[in-house]
Amino acid sequence: MKIGYAVPAGLLAASLLFAGCASKDNNHNGNNNTNSGNNAAASNSGVISPAVAAAEPSPAAGTADFTTAIEEYRNYVIEQCDEFVKQTESFTTAVKAGKLEDAKALYAPARMYYERIEPIAEALGDLDPNIDARENDVDAADWRGFHKIEQALWQNKTTDGMSDVADQLLKDAQLLRAKVETAEIDANLLVTGAVELLNEVSSSKVTGEEERYSHTDLYDFVANVEGAQKIYELLKPELAKKDPALEQTIGERFTALLNELAPFKSGDGYVSYETLKEDEIRKLSQNLDALAEPLSNMGTILGV
């Protein structure tokens, strides 16, 4: 559908006045025919005068601008990465020192900073499997990272043989921090990242597969939800403009899911996933599904 734009009366009057003055000046100099020819050529050339150009609508008019949201998300990722490197260093130091119980206590809290921003790591080559692969996710010879150390701490009940793995894990965490500065982030990554974080929860956290040795799945569960919620909050202003009902539904369901997780908090952390009853796990799964459905529609509504 084409839309016509009326030229304001003031602008038209000013243009006529300008043309009249120019005509008098040209007659005074005896160059009326020449200038008339030039004016005709300019008219036929398709050149738009500044006044008319200013009246043209911007090509991006009505298009959502996600620049601020993307920049704020990058800042959030950097903040989480800074803390992730710091906490991973404390964890790996305990592992290398043979402090089994200290390493166990530091394991899950350090991972939360990673789990909140996992979509970024997944977009950066092999960093995600290097940091977060579970046994059998990769070839045995390539297996390294958190879960290899988790197996040693909880199943084998030792830190023996884990010094090199700990050193490599810290290097991978530092490399992630270095790469997020220039990682390509767009609105599509934000939307798909939020959905992928919830998919992570439903595919491995609810089932208890993620932390199969330590049973610290609730730490990961909460961190994934918090990471998805952060993205929703950054996109919320644009979503509210386009579909306020969907925005409200997503917000309410984030609240419901986090409220359902709250009773499992213990001190600064969370209880073992093994302590949850079957009906509690089912309720968490239902609340997760209730959130995932409207969240998956966010990208369509935002046009990304």
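Q: Against which helices do the buried residues of helix 10 pack?

A: In this predicted model, the buried residues of helix 10 pack against helix 4 (67-96), helix 5, helix 6 (118-122), helix 11, helix 13 (278-295) and helix 14 (298-302). The residues of helix 10 that count as buried are A187, L189, L190, V191, G193, A194, L197, L198, E200, V201, S204 and K205. The list includes the charged residues E200 and K205.

Q: How does the span of helix 10 agree with its 19 residues?

A: At 1.5 Å a residue, the 19 residues should span 27 Å, and the end C-alpha atoms are 26 Å apart, so the two values agree. At the start of helix 10, a side-chain oxygen of D186 comes to within 3.3 Å of the backbone nitrogen of N188.

Q: How many salt bridges does a search of the whole structure find?

A: The general idea is that side chains of opposite charge can pair when their charged atoms come close. A search of the whole structure finds 19 salt bridges. One of them joins K205 and E115, whose closest N and O atoms are 3.3 Å apart. K205 belongs to helix 10 (residues 187-205) and E115 to helix 5 (residues 100-116), so this pair ties together parts that are 90 residues apart in sequence. Both K205 and E115 are buried.

Q: Which residue forms a salt bridge with R116?

A: The partner of R116 is E226, with the closest N and O atoms 2.8 Å apart. This pair also links distant parts of the chain, since R116 lies in helix 5 and E226 in helix 11 (residues 217-242), 110 residues apart. R116 has a relative accessibility of 12% and therefore counts as buried. E226 has a relative accessible area of 27% and is therefore partly exposed.

Q: Where do K241 and E238 lie, and how many residues apart are they?

A: An α-helix has 3.6 residues a turn, so residues three or four places apart point the same way. K241 and E238 both lie in helix 11, three residues apart, which is about one turn of the helix. Their side chains meet in a salt bridge of 3.2 Å, N to O. K241 is exposed, with a relative accessible area of 63%. E238, by contrast, is buried at 16%.

Q: Which residues do salt bridges that share partners join into one network?

A: The network consists of R111, E115, D132, E200, K205, E210, E211 and D220. K205 and E115, described above as a salt-bridged pair, are among its members.

Q: With which residues is E238 in contact, leaving aside its neighbours within four places in sequence?

A: Apart from those neighbours, E238 is in contact with A64, D65, F66 and L302.

Q: How many aromatic pairs does the structure hold?

A: A pair of aromatic rings is described by the distance of the centres and the angle of the planes. The structure holds nine aromatic pairs. For F84 and Y114, the ring centres are 5.4 Å apart and the planes stand at 40°, so the pair is tilted. F84 in helix 4 and Y114 in helix 5 are 30 residues apart, and the pair links distant parts of the chain. F84 is buried, with a relative accessible area of 0%, and Y114 is buried, with a relative accessible area of 0%.

Y219 and Y270 form an edge-to-face pair, with 5.6 Å centre to centre and 80° between the planes. Y219 lies in helix 11 and Y270 in strand 2 (residues 269-270), so the pair ties together parts that are 51 residues apart in sequence. Both tyrosines, Y219 and Y270, are buried.

Q: Which residues form one aromatic cluster?

A: The cluster is formed by F84, F91, Y107, Y114, F146 and W154. F84 and Y114, the tilted pair, are both part of this cluster.

Q: Which residues of the largest nonpolar core touch the most other members?

A: This core holds 76 residues, of which Y73, F91, I149, L176, L235 and I250 touch the most other members. F91 also takes part in the aromatic cluster. Leaving aside neighbours within four places in sequence, I250 is in contact with Y232, L239, L291, P294, L295 and M298.

Technical notes: Residues are numbered from 1 along each chain as its sequence is written. This is a predicted model: local features need pLDDT of at least 70, side-chain atom pairs count only at pLDDT 80 or more; totals for chains, interfaces and linings use all residues. Side-chain values use heavy atoms; hydrogens and water are left out. A salt bridge is a side-chain nitrogen of Lys or Arg within 4 Å of a carboxyl oxygen of Asp or Glu. Helices (H or I, at least four residues) and strands (E, at least two) are DSSP runs, numbered from the N terminus. Buried means under 20% relative accessible area, exposed over 50%, partly exposed in between (1.4 Å probe, protein chains only). A nonpolar core is a set of buried Ala, Val, Leu, Ile, Met, Phe, Trp, Tyr and Cys residues joined through side-chain atoms within 4.5 Å. Contact means heavy atoms within 4.5 Å. The expected span of a helix is 1.5 Å times one less than its number of residues. A polar contact is a pair of N or O atoms within 3.5 Å; within protein, one must be able to donate a hydrogen and the other to accept it, and residues adjacent in sequence count only if both atoms are side-chain atoms. Rings of Phe, Tyr and Trp (its six-membered ring) pair if their centres lie within 6.5 Å; planes under 30 degrees apart count as stacked, over 60 as edge-to-face and the rest as tilted.
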